[in-house]
Amino acid sequence: MAQTSPHAAVLTELEPVVAENLDRHIAIAKEWHPHDYVPWDEGRNFAFLGGEDWSPEQSRLDESAQAAMFVNLLTEDNLPSYHREIATRFGRDGAWGQWVGRWTAEENRHGVALRDYLVVTRGVDPVELERARMDYMTTGYDSGDKTPLEALAYVSFQELATRVSHRNTGRATGDPVADKLLARIATDENLHMVFYRNLMAAAFDIDPDLAMRAVTAEVVGFEMPGATMTGFRKNSMIIAKAGIYDLRLHHDEVVSPVLRAWKVFERTDLGPEGERAREELAEFLTGLDAQATRFVESRERMRARMAAKGQVPVHV
Ligand SMILES: [Fe+2]
Ligand SMILES: [Fe+2]
């Protein structure tokens, strides 16, 4: 993560672009309040205060919506780690520092709102949730030795992935209140994505080869921040089977639109190193697309088998 000179130089050159995009972000982002999205009249005490503890039949969410809510909230909960990740790479001074603060404050609202909703509506087991939060936050999230540009490329994709995941989770809940809340959070994630995507677009113009190499590294090695979370593999599979987030969505609705915005495959300003990175990226995307197709086909076969047995597949 050492800021060797080309990386530090790009960050300094990007500073006015950060300032411009921060102003733009603040002008567009609308104030909202987590408490507006929580049906408080459904809340009641748990056994500790003379009420009743959680039991599975109290949840109105099916298995896939519960898995997605659980993963989405825990992912939001690890904000201290993400704050550290971006604060150490982008710094705490000037426009970069202002963005880091603003972004952190916006992200915190997501975890607050989701937790309030889930506890009040008894959507998931609050004991399991709290234990998993303790565990996940104690481990923390560490993205390794990403350079500042790799971190920028990563968050461009990750914010959009989070947007898609929240949006589809909202639909999967079958609850108009949760749907509204998750659509609201997804709007924030989209604005975060636009901010990072604009910065990365500027980085492409400043140092096309460095930017191209960073993008290829991040697409090829992409992993959601929740990978170290309790039950992540099992929950990711449930989420993918339900079509809330899967390889097809990752390829079509996350990676491809961001690459298109940067005109990655139309650029004529790459040197030999950038060209090599772009070729590697194209090859990887062909493989990802094929893998996504195989996954969707096998999911369809599974759904057909379930339908034949009279079982209803969870969220298509
Ligand atoms: Fe978030
Ligand atoms: Fe975000």
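Helices here are DSSP runs of H or I with at least four residues, strands are runs of E with at least two, and both are numbered from the N terminus.

1. **Ground rules.** This is a predicted model, in which local features need pLDDT of at least 70 and side-chain atom pairs count only at pLDDT 80 or more, while totals for chains, interfaces and linings use all residues. Residues are numbered from 1 along each chain as its sequence is written, chains are lettered from A and ligands numbered from 1 in the order in which they are written, and side-chain values use heavy atoms, with hydrogens and water left out.

2. **The iron site.** Donors are N, O and S atoms within 2.8 Å of the metal (3.2 Å for Na, K and Ca); water is not among the atoms, so sites may look incomplete.

3. **A bridge between two irons.** Which residue bridges the iron ion (ligand 1) and the iron ion (ligand 2)? It is glutamate 107, and the two ions lie 3.9 Å apart. Distant parts of the chain are linked here: glutamate 76 sits in helix α2 and glutamate 107 in helix α4, 31 residues apart. Glutamate 76 is buried, at a relative accessible area of 7%, and glutamate 107 is buried at 5%. Buried means under 20% relative accessible area, exposed over 50%, and partly exposed in between (1.4 Å probe, protein chains only).

4. **α2 against α4.** Two packed helices are described by the angle between their axes and the distance between the axes. For helix α2 (residues 63–77) and helix α4 (residues 94–121), the axes come within 8 Å and cross at roughly 140 degrees. Axes are lines fitted to C-alpha atoms, for helices over the stretch in contact, and angles run from 0 to 180 degrees between N-to-C directions. α2 and α4 are therefore oblique to each other; angles under 35 degrees count as roughly parallel, over 145 as roughly antiparallel, 65 to 115 as roughly perpendicular and the rest as oblique. The crossing of α2 past α4 is left-handed, a term used when the near helix is turned anticlockwise from the far one by less than a right angle, with right-handed used if clockwise. From α2, Met69, Asn72, Leu73, Glu76 and Asp77 take part, while α4 supplies Glu107, His110, Gly111, Leu114, Arg115, Tyr117 and Leu118 (contact means heavy atoms within 4.5 Å). Those residues divide into five nonpolar, three polar and four charged. In this scheme Ala, Val, Leu, Ile, Met, Phe, Trp, Tyr, Cys and Pro count as nonpolar, Asp, Glu, Lys and Arg as charged, and the others, Gly among them, as polar.

5. **α2 against α6.** α2 also packs with helix α6 (residues 148–173), at an angle of about 145 degrees and with the axes 9 Å apart. This crossing is left-handed. On the α2 side are Ala65, Ala68, Met69, Asn72 and Glu76, which meet Thr162, Ser165, His166, Thr169, Ala172 and Thr173 in α6. By class, the contact of α2 with α6 has four nonpolar, six polar and one charged.

6. **α2 against α5.** The axes of α2 and α5 come within 10 Å and cross at roughly 40 degrees. That makes α2 oblique to α5, and the crossing is right-handed. Phe70, Leu73, Leu74, Thr75 and Asp77 of α2 meet Glu128, Leu129, Ala132, Arg133, Tyr136 and Met137 of α5. Seven nonpolar, one polar and three charged residues make up this contact.

7. **Two positive phi values to check.** Most residues other than glycine have a negative phi, and most peptide bonds are trans. Arginine 122, although not a glycine, has a positive phi of about 55 degrees. It lies in the loop between α4 and α5 (126–139) and is buried, with a relative accessible area of 3%. Lysine 263 has a positive phi near 50 degrees and is found in the loop between α10 and α11 (272–308). Is lysine 263 buried or partly exposed? At 46% relative accessibility, lysine 263 counts as partly exposed.

8. **Leucine 249.** This residue belongs to helix α10 (residues 247–261) and is buried at 12% relative accessibility. Leaving aside residues up to four places away in sequence, leucine 249 touches Val164, Asn168, Gly243, Ile244 and Val254.
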